[in-house]
Amino acid sequence: MTGNLEKHGNHRDKTISRRRALAVTGGTVAAGGLAVAGLQSAFADTADTTTDADATATATSTSSECMTLMTSVTEGPYYLDGALVRKDITEGKAGVPLTLRLTVVDATDGCTPVKGAAVEIWHCDAWGYYSGYTTANPGGSAPAESEEGDSANDQTYLRGYQIANANGVVKFETIFPGWYTPRTCHIHVKVHTGGEKEDGTYEGGKVNYTGQLFFADDIAEEIFTLDPYSKHTGSYTVLADDMVYDGGGATSGLLTLKAVHKKDPSKGYKGSLTLGVDPDAESTGAGSGGGGTPPSGAPSDAPTGTPPSDSASPTASASS
């Protein structure tokens, strides 16, 4: 990424409020209740091939069109080692279903697929809490993470790996992330190569890319009027004021989103993006994008990887 990514205290917060229904993917959306139940039926699994029409990241690149090498950014303070290799990372967490399809290509070699790359993602739940750090205040007003009443493991939910197929493709089943002050809605991502699956997780190798995935403001803000997201109130940071997103669109991590149901956002979304990486490079996780002053106890995506002082002490290992 280029440009000044640090906006110390200068981001413009935007208060979440219920809006009129927004036009999304050609239809009108309506707020309503939702649950993760039915996620599998809402997103019928299909083969991960380049002929899958839903798999094409129309705003990024295709197999015949190479893209810019993506620049690593901060991994933030909430990374945990030992995430599980699995497709569905929800663990019963409530939220708008999200099928995430990522394609890893070698941007230094004509954007050829990087077969066997391990893609790791992690993100907060609908109220802004991360597994492993469930006492960190997400800012604004939100119920305690313990009030969600789900069956999720507090050390492993909304974290996981998938191994890229011959086309460089991985697919995750998750939920639309919530938000926390002072950040916009996002998903963290790492691309690893050279390691192997062992004991249910991914071991060895090196990290080639550390990045973050982002969501269009209009879609995010409409989703945040829905239950359970609406129980977290306060000031939401839009993309233009985020300390990490630099306005570069797909090459800066902006996802292409497609609504499952044109008139009902609670049915879920399909998100896609092509990640152009250098398989020979190594990322330390301390890339650009720190800054901002969070409220007491809230996360600060500083590139140190240090969790907030009042966070729960994380468990490095993850078990099924």
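Let me begin with the ground rules. The model is predicted, and residues are numbered from 1 along each chain as its sequence is written; local features need pLDDT of at least 70, side-chain atom pairs count only at pLDDT 80 or more, and totals for chains, interfaces and linings use all residues. Side-chain values use heavy atoms, with hydrogens and water left out.

I turn to the sheet. Helices (H or I, at least four residues) and strands (E, at least two) are DSSP runs, numbered from the N terminus. Two strands pair if DSSP finds at least two bridges between them. Four strands form an open sheet, in the order β7-β6-β9-β10, with antiparallel pairing. Which strands stand at the edges? They are β7 and β10 (201-214); each has a single partner strand, so one side of each is left without a neighbour in the sheet. From one strand to the next, the twist averages 25°, where axes are lines fitted to C-alpha atoms, for helices over the stretch in contact, and angles run from 0 to 180 degrees between N-to-C directions. Within this sheet, β6 and β9 run antiparallel and are joined by five bridges. Val119, for example, has Val191 in β9 as its bridge partner.

Next, the aromatic rings. A pair of aromatic rings is described by the distance of the centres and the angle of the planes. Rings of Phe, Tyr and Trp (its six-membered ring) pair if their centres lie within 6.5 Å; planes under 30 degrees apart count as stacked, over 60 as edge-to-face and the rest as tilted. The whole structure holds 13 aromatic pairs. Consider Tyr130 and Tyr180: their ring centres are 5.6 Å apart and their planes stand at 65°, so this pair is edge-to-face. Tyr130 lies in the loop between β6 (118-122) and β7 (159-163), and Tyr180 in the loop between β8 (169-175) and β9 (186-198), so the pair ties together parts that are 50 residues apart in sequence.

Now to the cysteines. A disulfide is a pair of cysteine sulfur atoms within 2.5 Å. How many disulfides does this rule give? The count is zero. Cys124 is in no disulfide, and its nearest cysteine sulfur, that of Cys185, is 6.8 Å away. Cys124 is buried, with a relative accessible area of 1%, and Cys185 is buried at 0%.

Finally, the backbone. The peptide bond from Thr181 to Pro182 is cis, with omega near 5°, and Pro182 is found in the loop between β8 and β9. A cis bond also runs from Asp227 to Pro228, again with omega near 5°; Pro228 is in the loop between α2 (217-223) and β11 (235-237). Cys111 is not a glycine, yet its phi is positive, at about 60°. Cys111 sits in the loop between β4 and β5 (112-113) and is buried, with a relative accessible area of 4%.

Note on methods: Buried means under 20% relative accessible area, exposed over 50%, partly exposed in between (1.4 Å probe, protein chains only).
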